[in-house]
Amino acid sequence: MPASELLRLHVTADGEPVLLRVAGEIDVATGPRLCRALGRVLDSGAEHVHVDLADVTFCDSTIVHALLHARTRAGMRGTTLTLDLGEWARRLLDITGTTHLFTLRRHPEAPRSADP
C-alpha cells in the first residue's frame, strides 16, 4: 500500500489555532510527509498550531523526531504548539521520556473517527 494511503493529513486553517489532523500510520515511510505538513503549518505564520494525533493507528520513533523538530521550529517562530496525542503517540512519547516537553490538550473541534 502506498505511503499516501497509510497516512492521512488534514489542515483546517480558517482561524486560530490552525488544526492539523493526522490519522493512520507514522513510520519511516510516512514520517517525511508528516514532517513536511508540520513545516508548512508552522511556516504559515499561525500563532497557535494544534496537532491532533488521536486517530494515529500505529507509530514508531519517527513520530518522536517529527514532534521534537516541530517543537523546536515552533519555538523559533514564537508559535504555540499543542498536541492531542492519542494512545499510540502517547505511548511513544512516554517511553522516550519526552511527553513533558509538550503541551497536551484535546481540541474541541477535532471529531473522532467512528472506527474502533
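Biologist: Why is T98 called buried?

Modeller: Buried means under 20% relative accessible area, exposed over 50%, partly exposed in between (1.4 Å probe, protein chains only). T98 has a relative accessible area of 10%, so T98 counts as buried. This is a predicted model: local features need pLDDT of at least 70, side-chain atom pairs count only at pLDDT 80 or more, and totals for chains, interfaces and linings use all residues. Residues are numbered from 1 along each chain as its sequence is written, and side-chain values use heavy atoms, without hydrogens and water.

Biologist: Where is T98, and what does T98 touch?

Modeller: T98 lies in the loop between α4 (86-96) and β5 (103-104). Helices (H or I, at least four residues) and strands (E, at least two) are DSSP runs, numbered from the N terminus. Leaving out residues up to four places away in sequence, T98 touches V64, L68 and L93. Contact means heavy atoms within 4.5 Å.

Biologist: What makes α2 roughly parallel to α3?

Modeller: Helix α2 (residues 31-43) and helix α3 (residues 62-77) pack at about 15°, with axes 10 Å apart. Angles under 35 degrees count as roughly parallel, over 145 as roughly antiparallel, 65 to 115 as roughly perpendicular and the rest as oblique. Therefore α2 is roughly parallel to α3. Axes are lines fitted to C-alpha atoms, for helices over the stretch in contact, and angles run from 0 to 180 degrees between N-to-C directions.

Biologist: Which residues make the contact?

Modeller: Among them are L34, C35 and L38 of α2 and A66, A70 and R73 of α3.

Biologist: How many residues of the protein chain count as buried?

Modeller: Of its 116 residues, 42%.
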